[in-house]
Amino acid sequence: MKDNFRDTYRQYLKDESRTEGYADSISFPKSETEVSEDLKNYCGRGIPVTVQGARTGLTGGCVPFGGHILNTSGLDRFLGMELDDDGSFLIRVQPAVPLSRLRTLLTEKSLPAEGWSQESLAVYEQFRTAPEQFFPPDPTESSAFLGGIAACNASGSRSYLYGPMRPYVRALRLALTDGDILSLRRGECFADGRKLSVRTESGRTIEAELPSYHMPSCKNASGYYAADNMDAVDLIVGSDGTLGVLTELTLKLVPKPKVIWGVSVFFKDEPMAIRFTEALRPQVRNAAAIEYFDGNALGILRNQKANNAAFSSLPVIPDGAGCCIYTELHCGSEEEASGTLYRIGEVLTGCGGSEDETWVARDEKDRNLLIFFRHAVPESANMLIDVRRQSDPSITKLGSDMSVPDGKLSEIVRMYRETTAEAGLETATWGHIGSNHLHVNILPADQEDYKKGKALFARWAETVTSLGGAVSAEHGVGKIKRGFLETMYGKEGLREMAAVKAAFDPSLMLARGNLFPEELLDETGKGARA
Amino acid sequence: MSMTRTAEKKMFNMVVCVKQVPAGAQAKLDPVTKTLIRSAGSSILNPYDAFAVEAALQIRDRLAAAAETSEAPAAPQAAEAPAPAQTAEAPGISCSVTALSMGVPSVEKMLKDLIARGVDEGILLTDRAFAGADTIATSRSLSLGVRQIEYRRGSVSLIICGHMAVDGDTAQIGPELAETLKLPHVSNVLKIVEVDPENSFAVVECIAAEGKQTLRVQLPALITVSKDINVLRLPSISGIRRAEHQDVRVLGAAELNADPAILGKRGSATQVVRTFTPDFEAKAERVTGTPKEVAVKIRDIIGRLIG
């Protein structure tokens, strides 16, 4: 029976982290009611439930290890539109709408509005005649579901200007493991200090003592968000599916900038690129993204362009370029964009770069070329690993996702370089240098490298924590990174988080393995019963 | 000393003919004149012409690099990287790339963009007298533009065009321009194997009826390039700075000393009698039932479609 299940549903047992698990059953609910019934049915009987969406996550959060899979892909409807208090457009969706679909429909101004209320249709008419709107969070994998993006508080490159997913969630509906529904709207329910009290639709009050830790002052998707007097919505976003199942999201849209330009600049070496980043940040206010590609990442791309026809349209990387920084400008006019571009040129020259060796994308075709370049890096690294996996299937790419506060960039990069060199590991590094958040990707050649890489990540988590950083900046924690969470918040921090989980999910059966070690949940369960 | 060297330099001037075309599926036709409404919707550089521009820039880069390595520099090399977008001033050779277009005044912006990408100058032929031209009248106008470039820069050694424009699909402009200028020409070039300014020839690989053909062509010549032979380079910050301060030369019929009778609609040998936008209708129909029922339904659908 198990083998049968595995054969039929194997694709539902893994995610993009290449983690593979096992399960006994799966359901594809098509309504909030069906989600509630499933949760009550399984969690109520002590059967673990793993929630999954598009399975594009990088932390194994949706990978089951026993029990039931609740797959949300049947919840993919657009439910309506409304106006926020500040006049912004809000769009109400079910969790399985893919980011790419939302983007396309917003650009086309053509939303599937069948069955919407009169109020929604009236707002939709306003939307159709208003300037083009867009949804800023942009995780690289645009086939990700909006529910998954909210579950791990994902962000992507544009978070440098726009922030992560969290502030764009204006309201949500959460199905709880007892079959109840929690409906929250931003601005309506706040914690009193660290005491949070929310009321479910059936009238049950959930009271939780929020964790006492302090959030790092950098990009962060590590564990429960906690702050004095915080909005209840902020706890749910980024909770890695451990508190309930999102069944609806109301998301804020913003007007699309009139002018979007992309600028890639090149440097001989990494210290120059870091100097450039630090010099650029205070001078350029309209940069939506500041992204980095190191020499090894460029090497992988050069190789792909030369040897793989699918990558032949990549632009020619200048000879002698040791690394690259891509900046995306979001401006109100071409004049503003030109002014910013020239400022970038001046900073570049000041840091030893050349304005001649730059790529400026001012139209859609060129912008798509630079986006292709950006996305080709992780794709190519994955292809490289897939080839290596043919000789050793147990290895995977190891991608770090840690961020540090401003002022610590040089220090952390030096540490990455020294420790990987010491361990003799091959790496390719890219990511969000503007937010001091680089993805150092260890490319293991064999099982030994893989083990060394994992051990290094644990060391890095300690260093990052000591620098006031976050062990997960945008991928979430899921199952793969839960060990780092203890490094970041300590045992007590984890216990406080587990207590919050127990308040929302007394069965402790939802998303087991995410954030918390099994033992801690068992201990929390015993404590609650005592 | 540099004056002397400049005087000895071999000139290698290239012209790339470029056209602005409607972006994507935005082409709109004027029901009265039967011609494209060029002001409607957004416009882009004809994709084939992008390959032509890049081909010319690569030749310029190659010749400059070859000249640099073949002759010892007279002065110590500057520490800065050479500015690749400017007229290549390598010892022994002076290369230039001029982008030439005929079109509405707004094409100036497209030519400025090409300057930002590295071409040395942009020339726009714009005049009501050029309007409504068929391919022969267009190639006459372009030939006058080439003569203007020669008047200013000296003889043109190589003209590169895209194989065709995606809004007209005729692929006639290149060969007609070559014939007007009495130049040898090669169409549908896939690869520019060699350009030898010293001995005035180029070797190119082009699409032949069956397979590929390698041809040696005497310069000056005209070639049209096939698609996807390269990727047009992006503008650089320095290129954008230069383009901002460099004007596109805008020339009318009078500046070209043109006889209006041979240009535009008056000078056209052909006239468009009727134009229409073909309707593309894609429909999907779900066919269900037993295999036999499905077969009958499919037969009926095919019967309906072929009338």
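Hi everyone. Let me begin with a definition: the axes I'll mention are lines fitted to C-alpha atoms, for helices over the stretch in contact, and the angles run from 0 to 180 degrees between N-to-C directions. One thing to keep in mind throughout is that this is a predicted model.

Helix α10 of chain A, residues 334-350, packs against helix α6 of chain B, residues 237-245, at an angle of about 130 degrees. Their axes are 10 Å apart. Roughly antiparallel would need an angle over 145 degrees, and roughly perpendicular runs from 65 to 115, so the term here is oblique: α10(A) is oblique to α6(B). As for handedness, α10(A) passes α6(B) in a left-handed crossing.

Which residues make that contact? From α10(A) we have Leu341(A), Tyr342(A), Ile344(A) and Gly345(A). Facing them from α6(B) are Ile237(B), Ile240(B) and Arg241(B).

In total, 16 residues of chain A are in contact with 12 residues of chain B. On the chain A side, α10 and strand β16, residues 358-361, each supply at least two residues. That side of chain A divides into seven nonpolar, four polar and five charged residues.

A few words on chain B as a whole. Its secondary structure comes to seven helices and 11 strands. Chain B has 307 residues, and 41% of them are buried. If you take its contacts between residues at least 6 apart in sequence, 70% join residues at least 24 apart.

Let me finish with a sheet in chain A. This is an open sheet of three strands in the order β1-β3-β2, with parallel pairing. β1(A), residues 25-27, and β2(A), residues 49-52, stand at the edges, each with a single partner strand, so one side of each is left without a neighbour in the sheet. On average, neighbouring strands of this sheet are turned by 20 degrees against each other, direction ignored.

If you zoom in on one pair, β2(A) and β3(A), residues 68-71, pair in the parallel sense over four bridges. And which residue of β3(A) is the bridge partner of Gln52(A)? That is Asn71(A).

Note on methods
Residues numbered from 1 in each chain as written. Chains lettered and ligands numbered in written order. Predicted model: local features only at pLDDT ≥ 70, side-chain atom pairs only at ≥ 80, totals over all residues. Buried ≥ 20, exposed ≤ 12 C-beta atoms within 10 Å, placed from the backbone. Contact = placed C-beta atoms within 7 Å. Pairing = 2+ DSSP bridges. Parallel < 35°, antiparallel > 145°, perpendicular 65-115°, else oblique. Left-handed = near helix turned anticlockwise from the far one by under 90°. Nonpolar A, V, L, I, M, F, W, Y, C, P; charged D, E, K, R; others polar.
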